[in-house]
Amino acid sequence: MKTPALASSNKGFALNLTVLLALLVLVFPSSMDIFRLNMMGKYLSYAFVAMGLVLCWGYGGILSLGQGIFFGLGGYCMAMFLKLEASTPEYTASQTTPGIPDFMDWNQLTELPWFWEAFKSFPLTLVLILLVPTVFAYFFGLCMFKRRVGGVYFSIITQAIACIMTILIVGQQGYTGGINGITDLKTCMGFDIRTNGAKLFLYYLCVFLLVLAVLLCTWVSRSKAGRLLVAIRDDEQRVRFSGYDVANYKIFVLCFSAFLSAVGGAMFTLQTGFMSPSFVGIVASIEMVVFCAVGGRMSIYGAIYGTLIVSVAKTAISENFPELWSLLIGAIFIGCVLVFPKGLAGLYADHVMPFLSGLDGRLKGAFRGAREDREAQIEALRDVPADKVLLGVPPQFLSGDGMDGIDDGRSLS
Amino acid sequence: MKKKEFALEVEGLTVSFDGFKAVDDLSFYVDEGEIRVIIGPNGAGKTTVLDLICGKTKATSGSIRFRGTELTKLKENEIVDAGVGRKFQNPSIYENLTVFENLELSYPKGKKVFGALFFRRDQEVIDKVREVAREIFLEEKLSMKASLLSHGQKQWLEIGMLLIQDPALMMLDEPVAGMSVAERKQTAELLRRITKGRSVIVIEHDMKFVEDIADRVTVMHQGKLLAEGSMESIKKNQQVIDVYLGQ
Amino acid sequence: MLSGYTASELLSIFAMQGFAGLSLFSVFLLMALGLAVIFGQMGVINMAHGEFMILGAYTTYVTSNLFQAYAPGLFPIYFFVAVAVSFIAAGALGALVEWAVIRHLYSRPLDTLLATWGLSLILQQVYRSIFGAKEVTVILPDWMMGALQVTDSIEIPINGLIVLVLTLIVTVFMWAVMFRSRLGVQLRAVVLNRPMAGAVGINTALVDRITFSFGCGIAGIAGCAFTMIGSTGPTAGQLYIVDTFLVVVFGGAGTLIGTICSAFGIAQAQSVMEFFMSGSMAKVITLLIVVGILMIRPQGLFSVKVRK
Amino acid sequence: MKSKIAAKLSAVLIGAALACAAGQALAGDNPIAVTDKAVTVGILHSITGTIALSEAGSVQGEKLAIKEINKQGGVLGRQIEYVQEDGASDWPTYSEKAQKLILKDHVATIFGCWTSASRKAVLPIVEQHDNLLFYPVFTEGLESSPNIIYLGPDATQQIIAGLDWVINEKKAKTFYFIGSDYIWPRTSFKIARKYIEDKGLKVVGEEYYPLGHTQFNSVINKFKLKKPDVIFSTVVGGSNVAFYKQMKAAGIDLAKEKPLLLTTSVTEDEVLGIGGENIEGGYSIMKYFQSMKNEENEKFVKDFKAAYGEKSVIGDTTESAYLGPWIWKAAVEKAGTFDIDKVRAALPGIELVKTPNGYVKVHENHYMWMKTYIGQAQKDGQFKIVHGSELMEPNPFMKGY
């Protein structure tokens, strides 16, 4: 039997998804020209990373400052395929060795390196886009979490790895395109990705994949594994003594976030027509954490809105006050951490939701019981020390957030 | 002569922290079905012994065998799988989850990552959780957040989380500390019920409580074994009186 | 690559290379000392550490200009004044930042990372607005430039020596403050048990502020020293941040001796490898070794096994 | 039940989306913003981030030229208005901002970019939308886009002039290469090595350090070990400062020319950061130095200082950037229209007889015919010109290398 709580959580889920879809599918395309829409699509590809971070950091407590690595690997895999397609012997006829990407020719390579061969095939490329970052995350996670490297240490090591990757990509320019990245991508399977029609298609493809990712994240976050991640974040040792191999869960969530990031990276490459090592670096990786923090680190939808809002703000400010944007963005970060530690999702849950449910409650009395229950819990929480509330999962913050299962859901009546 | 089969064999166990030996060449044996109480003054190394058995701390030397399995080489969760469960001194529960979820997480099913992803809350799980909750007097509180429980209730919840794992060796670190008199009584009853059919190690300071439940008592002092035997014999042991009981 | 040289030539190269490693060591250590306090002791992930260093560098720049304009006679010794002024300037900014931002975040270490990242963006822009986007040159008195001729073929850079000596002084100073002063005892008490420290009458808020500002002040000194060997520009601080964190983490957060040893190890490894392979690869391999060792010893080189 | 509603809703949404899509796809055709009174151009450089310090001068040069052109009555009777965007030292941002300038501001041309990477990011954009980019920096070549004008010297123009001079005048026999690790230094050294080895001389070392690297003691020790006649540096950005300061500190006095330092990456702008006393005596190869003695340059320096302060300096790239608007103006006037296709067709062969660096002419391949000069760094941050080449043809694809 469905309990009122469960029904309302599903209702919240449907509402959230509908609002998101309406925004992405209706509002944006009808109010923007193709250039702005393409930019939105680009930002949405960052949202994949932010969503991965919600699970990895918000739920699992693992703050990776190297998500750009996975984004970049996914993007590079896509870019390698597109670059090979763009490097036809006819188009590269003026090179010493026609038929290989231009930057290889500049670096005196005379044949395609072996690891590029796989990217001649589109199906294989798709597999590699998903596989390479995930497998990398798996081995990295294996090394780190089995050895119980955690917390701040993990964050700093991920930075070092991002640093290593950047130096390698920049240094091995004959194989990777170096600091320029892989540029001048033209077609994908014969379709010109630079036309307006293609950009529109890619935007919708991105939205479609994003919705799939939302569903996947919601499923993971509502599963027992999602609850375990929160438990691991709060008290890792305790979970071990409940008989769980904590490292495996951490590896899983890192791989999962890497997987999502890779999809984002590939979509980025398709929509912008190039990939650059600057995404693998530390700055990009931290920016993605900021997206997630602004949106609310426990909220899947928050991550998407956070990404869009910060990116749009950054673009708008830099277009209008090019000399001031870093001041304002910096102030937004600090303000966000100090004043809205729960991000947009927290703001919504604290101020908008109570208002809405007040309205709702007056209209229909049916769910009143459940709501009072929840408010009682909120009241009770007020007595808990502030840091507990911040670190923990206050119930009001969870509602309508796709993770109700953790705390108010499924009571047994 | 055939060596007697013990449930738990601790032999030559030593751990040193930066030169300080918290547990020093300790050996003791626990029978199947026995309730063993460890007593001793503060800093005697009692909690450290439990830490060593359940894998929280790694031994410097010595061995811990449980039903023939060497525990010192295993990870915490493997020790749990081997049938050793532990309740900590300070209630250690998932504060952000409900009582139901606390028990559910401890239920030994869906422990692997993919098991947990596809874990379904079926009737069997619900029944088992309810059964345990009834046992630990928390049936009414199933949907309450664990952080809102009283201190004593948290202790019970943790015992429940242990119980639902159905361990063959149960280790309880001061299970009645911080409880009211009424709660102590309830807890003693609870322990008597649930310790049936398993080996139990309890750390406790409440001598009345110890006398109530102990089969045998081990006294530790400065990381070493001071005395071992029935409560009666321990009470008469002059050394024990000097360092601990006589205060 | 070493064939075709005489033994004495090789000897002097090794001597100079040894000194190169030593001077890299002092650079790393100087960078890391401030962070060892802020991150190692207080647990604040200060991503703006590099910007505090650059504040020290800009302070030195301003000081040198002032001396040139108003007291050219004292110019040869302005550097000592600059060290003190840098310490004070960075420390003052540190105190301000602690008051405005950090003190609200002690219970949320990972959030300090985000807030200080924002701070670093702001500081960079402020530097850019005040000093311009271009790098500035800090003019050094003549006696600080050039090399010391030890033998015919061995030359030791003077500024390297100065950085080394400065590092030693700062290290000893810090050791004294942390382990021999009342502030140090109070700080360690606050770190170990904040409520208890408060209960026994330690003004924890004040201790926090002084400590944070002390760490920032040391970063300022580092920045001052770096004007001798590196560039002074709005974004120069970012170059150092990963290295600095790695040194502190590698040594084991919270131990001074660990920080020293890790700075020494990383510097020597990098310096030796740079001699035998390309700079890029040397950097990659050094980082990989550090990550590898951290995997084996997650708590860093020098961490104490404690009874929890 | 709820999910059915959601499904229906999404079906409606998708339908509506497709309708919007159809409308979107038909949009196209991008006019340029020219009125009777004004024409809009774009300026696209980093004013924030790590490259901002290098690009600051280019922005100044471009703005000064635009101001002067406007004062003279503009182009085809229109005043030039500019929209400035920040590339933020991030290549993807350059790409985005270039699109914005073209599609939103409908600029008639873009002056901008600095690093090769930023140019590579913008190249597909200007090609796709058929706009123009005037690029003010010396370059590795290896590229010749119909939509980009390369205002700075290409690698051959810089290197061959420089090498000829050290080999002939200074009798250099051995060379040590040190550069930042990216395409321009590597390409430069590829050319240089071929040229040197063809003459039977020797390259004794070649090293690359990551961008932003600040520790050069090890490589300085290698200089001491190998004792090359010439150290050839293409170190860029902040690394430059560390490199020269540490050389000086290690007792290598560049003024003694033992070894002699040759560089293609240091202009007056860089010396500002390095400090004149640290690079005093080193030789830089450029098409322009602030100290050039000619009427045009004296006026240019005077105007520049009047606009940006007495202390400001002008490097090669700043001057290239200053040339950009002038060359564009000449091309527009030759074409008689702002129409980009026609301007582009008019560009090859455009010559400016009197510029601060003398005669320049746009080549068919969109690079510039120019003379290259060798200047010796002085303590005051200026260069003393010691040698000037003949007019050199640009050779971006390095035929023969």
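User: A residue is buried if 20 or more other C-beta atoms lie within 10 Å of its own. By that cut-off, what share of the residues in chain D is buried?

Analyst: The structure is a predicted model. Chain D holds 401 residues, and the buried ones make up 59% of them.

User: What is the radius of gyration of chain D, and how does it stand against the globule rule?

Analyst: The secondary structure of chain D comes to 13 helices and 14 strands. For 401 residues the globule rule gives 21 Å, and the value for chain D is close to this, so chain D is as compact as a globular protein of that length. Its C-alpha trace spans about 80 × 60 × 40 Å along the principal axes. The radius of gyration of chain D is 23 Å.

User: Which element of chain D gives the most to the side that touches chain C?

Analyst: The contact takes 36 residues from chain D and 39 residues from chain C. On the side of chain D, helix 2 (52-71), strand 7 (202-209), helix 7 (217-226), helix 8 (238-249) and helix 9 (268-274) each supply at least two residues. By class, that side has 14 nonpolar, 15 polar and seven charged residues. With seven residues, the element that gives the most is helix 8 of chain D.

User: In which order do the four strands of the open sheet in chain B lie?

Analyst: The pairing in this sheet is antiparallel. Strand 2 (20-30) and strand 5 (69-70) of chain B each pair on one side only, and they are the edge strands. The order of the four strands is 2-1-4-5.

User: How many bridges join strand 1 of chain B to strand 2 of chain B?

Analyst: These two strands of chain B run antiparallel. Across the pair, B:Val10 stands opposite B:Phe28 in strand 2. The hairpin has two residues between the strands, and B:Asp18 in it takes a positive phi near 55°. The number of bridges joining strand 1 to strand 2 is seven.

User: Which residue in strand 4 of chain B is the bridge partner of B:Thr14?

Analyst: Strand 1 (residues 8-17) and strand 4 (residues 61-66) of chain B pair in the antiparallel sense over five bridges. In strand 4, the bridge partner of B:Thr14 is B:Ser61.

User: At what angle does helix 1 of chain B run to strand 2 of chain B?

Analyst: Helix 1 covers residues 46-54 of chain B. This helix lies across strand 1, strand 2 and strand 4 of chain B. To strand 2 it runs at about 70°.

User: How far apart are the axes of helix 3 and helix 6 of chain B?

Analyst: Two packed helices are described by the angle between their axes and the distance between the axes. Helix 3 (residues 99-106) and helix 6 (residues 151-165) of chain B pack at an angle of about 35°, and helix 3 passes helix 6 in a right-handed crossing. Helix 3 contributes B:Val99, B:Asn102, B:Leu103 and B:Ser106, which meet residues of helix 6 including B:Leu157 and B:Ile164. The distance between the axes is 8 Å.

User: Is B:Asp166 buried or partly exposed?

Analyst: B:Asp166 lies in the loop between helix 6 and strand 7 (169-173) of chain B. This residue has a positive phi of about 55° although it is not a glycine. Because 16 other C-beta atoms lie within 10 Å, B:Asp166 is partly exposed.

User: Is D:Ser89 buried or exposed?

Analyst: D:Ser89 is found in the loop between strand 2 (79-86) and helix 3 (91-103) of chain D. Although it is not a glycine, D:Ser89 has a positive phi of about 60°. With 25 other C-beta atoms within 10 Å, D:Ser89 is therefore buried.

User: What separation lies between the C-alpha atoms of A:Phe140 and A:Leu254?

Analyst: A:Phe140 lies in helix 6 (residues 122-146) of chain A. This residue is buried, because 24 other C-beta atoms lie within 10 Å. A:Leu254 is 114 residues away from A:Phe140 along the chain, and the separation of their C-alpha atoms is 9.1 Å.

User: Is the peptide bond from D:Lys258 to D:Pro259 cis or trans?

Analyst: D:Pro259 lies in the loop between helix 8 and strand 9 (260-263) of chain D. The omega of the bond from D:Lys258 to D:Pro259 is near 0°, and the bond is cis.

Terms used. Residues numbered from 1 in each chain as written. Chains lettered and ligands numbered in written order. Predicted model: local features only at pLDDT ≥ 70, side-chain atom pairs only at ≥ 80, totals over all residues. Pairing = 2+ DSSP bridges. Contact = placed C-beta atoms within 7 Å. Axes fitted to C-alpha atoms, helices over the stretch in contact; angles between N-to-C directions. Rg over C-alpha atoms; globule rule 2.2 N^0.38 Å. Buried ≥ 20, exposed ≤ 12 C-beta atoms within 10 Å, placed from the backbone. Nonpolar A, V, L, I, M, F, W, Y, C, P; charged D, E, K, R; others polar. Left-handed = near helix turned anticlockwise from the far one by under 90°.
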